[in-house]
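The following paragraphs lead the reader through one protein model, from its overall dimensions to selected residues. Please keep the sequence and the coordinates at hand while reading.

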Amino acid sequence: MSSSQLKILAVVTMLIDHIGAILFPTVLLFRIIGRLSFPLFCFLISEGLLYTANLKGYLERLFFFALISEVPYDLAFHGTVYYPQSQNVFFTLFLGLAAISFLHSYLGSRPSSALVLALVCVLFAEALHTDYGWFGVMLIIIFYCFKNYRTKGVLIFAVFNTGYGLLTGTVKLYAALAGFPIFLYNGKKGRLNWKYFFYAFYPAHLLLLYFVHKVAF
């Protein structure tokens with residue numbers, strides 16, 4: 001599978017997950033299917049670092065969409081324009097990219113500094129109550145650290161996710177199934193080049209689901 005195909009799968013499963021969470025919260029199947037989405041996005045972030053020609057621009061894009069997605073996220077999941085107890089997933093992805101960028105840049109020359117800065121990103125995600133919190137940032141770090149050992153990386157992800165799922169909710173155990181498409185990744189970009197579509201889809205679909213919920217439910 002190419003990165004474009006993984007992105008499409010991640011977006012589709014995310015949409016299914018959010019339809020379930022917002023419109024049909026009692027139908028567990030939506031949430032089970034949706035568990036595939038986040039690990040795929042984490043894997044794509046770790047790959048994105050390796051192929052981006054502009055890391056600063058990449059970080060800025062994630063942070064920008066984190067800011068503009070916060071109101072749609074709060075409306076969709078909490079029914080208010082401002083809910084400080086929870087921040088959207090773009091903040092998690094931003095902090096995950098920041099963490100692996102520190103490792104990528106400084107692990108060879110200043111390992112202590114690299115590890116401390118990466119840990120700060122992990123702790124910051126938890127302190128801000130970002131979606132998936134510390135687990136999300138650590139998942140991106142795992143995929144980055146095992147970038148050259150795909151099979152080991154997928155297995156460690158599965159074990160890590162299993163532990164997290166047993167502690168926080170068994171439905172999260174299904175996220176380990178994302179290991180199959182990740183294992184099939186061929187390292188190619190693919191033909192699809194809708195970079196900004198994938199960013200804009202997140203706040204757009206949350207707003208749409210919020211309005212559908214308000215009108216139909």
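A residue counts as buried when its relative accessible area is under 20%, as exposed when it is over 50%, and as partly exposed in between, with a 1.4 Å probe and protein chains only. By this criterion, 45% of the 217 residues of the protein are buried. The model is a predicted one, in which local features need pLDDT of at least 70 and side-chain atom pairs count only at pLDDT 80 or more, whereas totals for chains, interfaces and linings use all residues. Residues are numbered from 1 along each chain as its sequence is written, and side-chain values rest on heavy atoms, with hydrogens and water left out.

The secondary structure comprises ten helices and zero strands, where helices (H or I, at least four residues) and strands (E, at least two) are DSSP runs numbered from the N terminus. The radius of gyration is 17 Å, close to the 17 Å that the globule rule gives for 217 residues, so the protein is as compact as a globular protein of that length. This radius is taken over C-alpha atoms, and the rule is 2.2 Å times the number of residues to the power 0.38. Along the principal axes, the C-alpha trace spans about 55 × 40 × 30 Å.

Contact denotes heavy atoms within 4.5 Å. Among the contacts with a separation of 6 or more, 69% join residues 24 or more positions apart. The protein exposes about 11,200 Å², of which carbon and sulfur atoms supply 69%; accessible areas come from the Shrake-Rupley method with a 1.4 Å probe, and for residues only the protein chains shown count as cover.

Rings of Phe, Tyr and Trp (its six-membered ring) pair if their centres lie within 6.5 Å; planes under 30 degrees apart count as stacked, over 60 as edge-to-face and the rest as tilted. The structure holds 22 such pairs. One of them, between Phe-24 and Phe-30, is stacked, with 5.7 Å centre to centre and 15° between the planes. Phe-24 is partly exposed at a relative accessible area of 35%, and Phe-30 is partly exposed at 25%. Phe-43 and Tyr-185 form an edge-to-face pair, with centres 5.2 Å apart and planes at 85°. Phe-43 belongs to helix 3 (residues 37-51) and Tyr-185 to the loop between helix 9 (179-183) and helix 10 (195-216), so this pair ties together parts that are 142 residues apart in sequence. Both Phe-43 and Tyr-185 are buried. Elsewhere, ring pairs link Phe-64, Phe-65, Phe-90, Tyr-196, Tyr-199 and Tyr-202 into a cluster.

Helix 9 also contains Pro-181, which is buried at a relative accessible area of 9%. Which residues is Pro-181 in contact with, leaving aside its neighbours within four places in sequence? They are Met-1, Leu-6, Leu-9 and Leu-40.

The backbone deserves a final remark. Most residues other than glycine have a negative phi. His-129, however, has a positive phi near 60°; this residue is in the loop between helix 6 (111-128) and helix 7 (133-145) and is partly exposed, at 44% relative accessibility. Tyr-132 likewise has a positive phi, of about 75°, and is placed in the loop between helix 6 and helix 7.
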